[in-house]
Amino acid sequence: MITDVEIGNADVVDLRDLRSFVTVARTASFTAAANELGYTQSAVSQHVASLEAAVGRPLLTRRPVRLTAAGQRLAEHAAHILLRLDVAQSELTMFADEPQQLRVAMTPLAAVGRVATALRASRAAAPGLRITITTTSASSAAAAVAEGRTELAVVDGVVAPGNPLAVSDAGLLASFAVLEEDVAVIVPRRHPLRRVDVDLASLVDAQWIDAPMLTGGPSAVPGCAPTSDTLFTFAGVDVSTVLELVAAGHGLALLPERVCTGVEAVRPIRVSRPTLVHRTELLVLKTGIERHERLIALLRMAGSQQIPRDGPARADRRR
């Protein structure tokens, strides 16, 4: 296992210290970082102090926790360094024997029906295979694959048709399109807007429910960000809660059209402009493509007409 790295002219830096620093920088809390990493708060504080001694300058203030200018730059570089090292170590495990378990990280709005169908076929082909599915955010799912905590990630987001999701550093993971589907503005059943489609730009001044843990909400669409005084933020991952909030009149929501099927209190208005789709992708380590080739093919055939029925799975792009 790689345990240290040299940064610039600094002494050799312990990766444990670097990882603690990056986690503190991301969470803005020594306590939260300690809980996430499984250390005591004092241990995390010592790790950061050791890193500061190695680089010869303060990296953050303690109360409140804020990055210095040097700390900001190091945090950006360190996050990339740690991710690449995690990927390297994860890829080495691919040379082990055939796995007996399959761990999948999924985002809440990913095409779960496609995944369930593909996993059923995988279990039939390997009856002893143990499968674990974890629901998380897109960035966390990508990080879990990079770090070897899961073999596959199925993530989603709103993009232009054919555009890949941007959830991982370029060159680290392979991605495969699973499904592209219609995006809709979800409104209360009795909302005065009666059209079948809508230009998002015309709804900038509307009351919105922004759900960044789900699709990123309208704020993720260039030129369509609502004004802050009309924004209701939902930081959870429960889609039914968002639909209840819409039904109660707290705001509109930008979601895949399918989520409100059968829900009487709300209805979808398809987005006509800008041209958008709700995209689901499969992420895997490049060295894991061959090992999971059959499952990749099953997922893609379930969700796209562009998937060849013969031959190896091909990545849309390399991250």
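User: At what angle do the axes of helix H1 and helix H3 cross?

Analyst: Axes are lines fitted to C-alpha atoms, for helices over the stretch in contact, with angles running from 0 to 180 degrees between N-to-C directions; helices (H or I, at least four residues) and strands (E, at least two) are DSSP runs numbered from the N terminus. In this predicted model, local features need pLDDT of at least 70 and side-chain atom pairs pLDDT 80 or more, while totals for chains, interfaces and linings use all residues. Residues are numbered from 1 along each chain as its sequence is written, and side-chain values use heavy atoms, without hydrogens and water. Here the axes of H1 (residues 15-27) and H3 (residues 41-55) come within 8 Å and cross at roughly 110 degrees. H1 is therefore roughly perpendicular to H3, a label that covers 65 to 115 degrees, whereas under 35 is roughly parallel, over 145 roughly antiparallel and the rest oblique.

User: Which residues of H1 and H3 make the contact?

Analyst: Contact means heavy atoms within 4.5 Å. H1 contributes Arg-16, Asp-17, Leu-18, Ser-20, Phe-21 and Val-24, and H3 contributes Val-44, His-47, Val-48, Ser-50 and Leu-51.

User: Is Thr-107 buried or exposed?

Analyst: Buried means under 20% relative accessible area, exposed over 50%, and partly exposed in between, with a 1.4 Å probe and protein chains only. Thr-107, in the loop between strand S5 (101-106) and helix H5 (112-125), counts as buried because its relative accessibility is 4%. Beyond its neighbours within four places in sequence, Thr-107 has contacts that include Thr-135, Ser-137 and Asp-156.

User: In what order do the 4 strands of the open sheet lie?

Analyst: Two strands pair if DSSP finds at least two bridges between them. The order is S10-S14-S9-S13, with mixed pairing.
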